[in-house]
Amino acid sequence: MTSDFPIDRRRLLQAAAGWSALAAARAAPARDLSGVTLRVGTYKGLWRPLLQASGQASTPYKIDWRELNNGVLHIEATNGDALDLGSGSEIPSVFAARQKSSVRLVAVTHEDLNNQATLARKDSPIRRIADFKGRRVGYVRATTSHYYLARQLAEAGLSFSDIQAVSLTPSDGLSAFARGDLDAWAIYGYNGQLARTQYGARTIKTGVGYLSGNFPIYANPRALDDELRRAALGDLLQRLQRAFAWINGNLLAYARAQSAETRVPVGDLVELFNGRSGDYSLGPVTDAVVRSHQEVADTFLKIGVLDGPADVKPLWDRRFESVLRLPAA
């Protein structure tokens, strides 16, 4: 009987401490953030219209939106002190770890992997990855498409040396695909959807089984070290967390908001959302997230993309873990 008491008491104390932390976070004095301007990187059709559509856009600070449509640019801008917050996949930040860039990863989103796809032209005889041998295959260097294409090739007994690999930006890749300058294309986002709906591209494989689904949010260490900007970043991450949760029950509203900015037809976006690999969410840094990221780095080293090992753990920063674990307000 007596041996059970300390365990129960310890659990009660732990629970009390947890509720105290939550109460303290809720009761923290509000800071005046009206003089703060956050420089935030966004992709066309993503965070900016998402916050507006989900009712999360009325921030107590200003946001200077900067459209940068790949994660490499987000990393470079953050490292060069031109962004306070950005986002991308695990891949650009592997190179950031190798180069010891001035960037920290403070949260992670979980997004659709069916829209990370390897496509073939409708008139191409390509039916499987093994058919890529000798073909002109587009991809975006240092992004998810680089990573999953490398894994898909390896699985088929091929490598980049077996194909005519062409590194292009997403928009340039779409133009090249439309002209017939590419036989196949590893691409993500609305450019891939346009290739399917406007040019009849066929999906050979998706990112499911090749990508973790973790998409880090990048932060500027200078902003993290500034009390007011750090508070504004914490607030923005919570707003984004609520907005990502909102998407799952409001796909049509989000499609309309995205369409207004991307010009992709609403019906195409709804079709894309309906075929998603899982629900959208935003959460804190976890041990599993860090392990997944290290696996990506190790794979890139193994296939010769990196010139040496990259330790990703120092990039991950958990200072927003508590606010992202709070119950939604």
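**The largest pocket and selected residues**

The lining of the largest pocket comprises 19 nonpolar, 17 polar and 3 charged residues (nonpolar: Ala, Val, Leu, Ile, Met, Phe, Trp, Tyr, Cys and Pro; charged: Asp, Glu, Lys and Arg; polar: the others, Gly among them). The structure is a predicted model, in which local features need pLDDT of at least 70 and side-chain atom pairs count only at pLDDT 80 or more, while totals for chains, interfaces and linings use all residues. Residues are numbered from 1 along each chain as its sequence is written, and side-chain values use heavy atoms, with hydrogens and water left out.

The largest pocket holds about 820 Å³ of space (the space filled by probe spheres set on the points, which are joined across faces, edges and corners). It is lined by 39 residues, of which Tyr43, Leu46, Glu111, Tyr188 and Gly189 are the closest to its centre. Among the elements that give two or more residues to this lining are helix H2 (47-53), helix H3 (71-79), helix H6 (170-179), helix H7 (189-199) and strand S10 (214-219). Helix H9 (227-247), helix H10 (251-262) and helix H11 (266-274) also give two or more residues to the lining of the largest pocket. Domain 1 (37-110 + 213-324) and domain 2 (116-206) both contribute lining residues, so the largest pocket lies between them; the domain bounds come from an automatic or database domain assignment.

The count of cavities of 30 Å³ or more comes to 2. The second largest cavity contains about 30 Å³ of space. Its lining consists of Ser89, Glu90, Ile91, Thr144, Leu211, Gly213, Asn214 and Phe215. Helix H4 (90-99) and S10 each give two or more residues to the lining of this cavity. By class, the lining of the second largest cavity divides into 3 nonpolar, 4 polar and 1 charged.

The protein as a whole contains 13 helices and 11 strands (DSSP runs numbered from the N terminus: H or I of at least four residues for helices, E of at least two for strands). Of its 329 residues, 49% count as buried (under 20% relative accessible area with a 1.4 Å probe, protein chains only; exposed is over 50%, partly exposed in between). Among contacts (heavy atoms within 4.5 Å) between residues at least 6 apart in sequence, 80% join residues at least 24 apart.

Asp268, in helix H11, is buried, with a relative accessible area of 17%. When residues up to four places away in sequence are not counted, Asp268 touches Gln193 and Thr197. The C-alpha atom of Asp268 is separated by 9.5 Å from that of Tyr190, 78 residues apart along the chain. Ser93, in helix H4, is buried, with a relative accessible area of 0%. With residues up to four places away in sequence again not counted, Ser93 touches Ile75, Leu105, Pro216, Tyr218, His293 and Leu315.

Backbone angles were also examined. Most residues other than glycine have a negative phi. Lys100, although not a glycine, has a positive phi of about 55°. Lys100 lies in the loop between H4 and strand S4 (104-110) and counts as exposed, at 72% relative accessibility. Ala142, likewise a residue other than glycine, has a positive phi near 60°. Ala142 is found in the loop between strand S6 (136-139) and helix H5 (144-155) and is buried, with a relative accessible area of 11%.

Conventions
1 Å grid on protein atoms, 1.4 Å probe; cavity = no way out; pocket = protein on both sides within 12 Å on 5 of 7 lines; lining within 4 Å.
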